[in-house]
Amino acid sequence: MILLFFRLLIFFQDDFPIILSTYDQNTNAIIIFAPDNRSGQYMESISRLTKDPLGLDQRNILIFEIFKTGGIGPGGEALSEEQVTSIREYYLIHGGDFSEVLVTNNFKEIYRSDVPVEINDVFRYFDQIE
C-alpha cells in the first residue's frame, strides 16, 4: 500500500522548481520573465513596480526576475541558467518571451500578462485573494 502511494505521488508530481521551494510558500510573488535585463518591457515592468515599494512590502510581495540565461531572486541572489529554465518550464514560458506572472500560496498562478501590469492592478489581484 505504501509503495502504491509513493508511485502515485511521483506520477502526479508537477516538477515544481526546487529553487522556489527554498522560499516561504505563503508568500505573494511577481515573476517577471524577459529575454534579458535590457528589454523594454522588462525595464517598464520594473519601473512600474518600484513606484510603490511600501505597497509591495505591505502585501509581502517578492519579485523574481527571470531571464534567458539567469536571473535575480527577491533578495538580489543570482539564479543559475538551470534554475531559471526549471521556472520557465514550470510556468510554460519560452526563453525569449516577456511575461508577468502573479503567484500566491505555493507559487500558484493567479494572473498572467504578456505586457507590464500597472502597480494598482497588481495590488488589486493580490488583495482579491486575501
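Start by selecting Thr50, which sits in the loop between helix H2 (40–49) and helix H3 (53–58); helices (H or I, at least four residues) and strands (E, at least two) are DSSP runs, numbered from the N terminus. Residues are numbered from 1 along each chain as its sequence is written. The model is predicted, so local features need pLDDT of at least 70 and side-chain atom pairs count only at pLDDT 80 or more, while totals for chains, interfaces and linings use all residues; side-chain values use heavy atoms, with hydrogens and water left out.

Is Thr50 buried or exposed? Thr50 counts as exposed because its relative accessibility is 51% (exposed is over 50%, buried under 20%, partly exposed in between, with a 1.4 Å probe and protein chains only).

Now show the side chain of Thr50. A polar atom there lies 3.0 Å from the backbone oxygen of Ile46, and the backbone oxygen of Ser47 is 3.1 Å from a polar atom of that side chain. Next, pick Ile119: its C-alpha is 8.5 Å from that of Thr50, though the two are 69 residues apart along the chain.

Of its 17 residues, Ile30, Ile32, Leu49, Leu56, Ile61 and Val122 touch the most other members. Strand S1 (28–33), H2, strand S2 (61–66) and helix H5 (119–129) each supply at least two residues of this core, and H5 gives the largest share, 5 residues.

Last stop: select Leu20, Ile31, Phe33 and Phe107, which are among the 16 residues of a second, separate core.

How values were computed. Polar contact = N/O pair within 3.5 Å; in protein donor to acceptor, adjacent residues only side chain to side chain. Core = buried A, V, L, I, M, F, W, Y, C linked by side-chain atoms within 4.5 Å.
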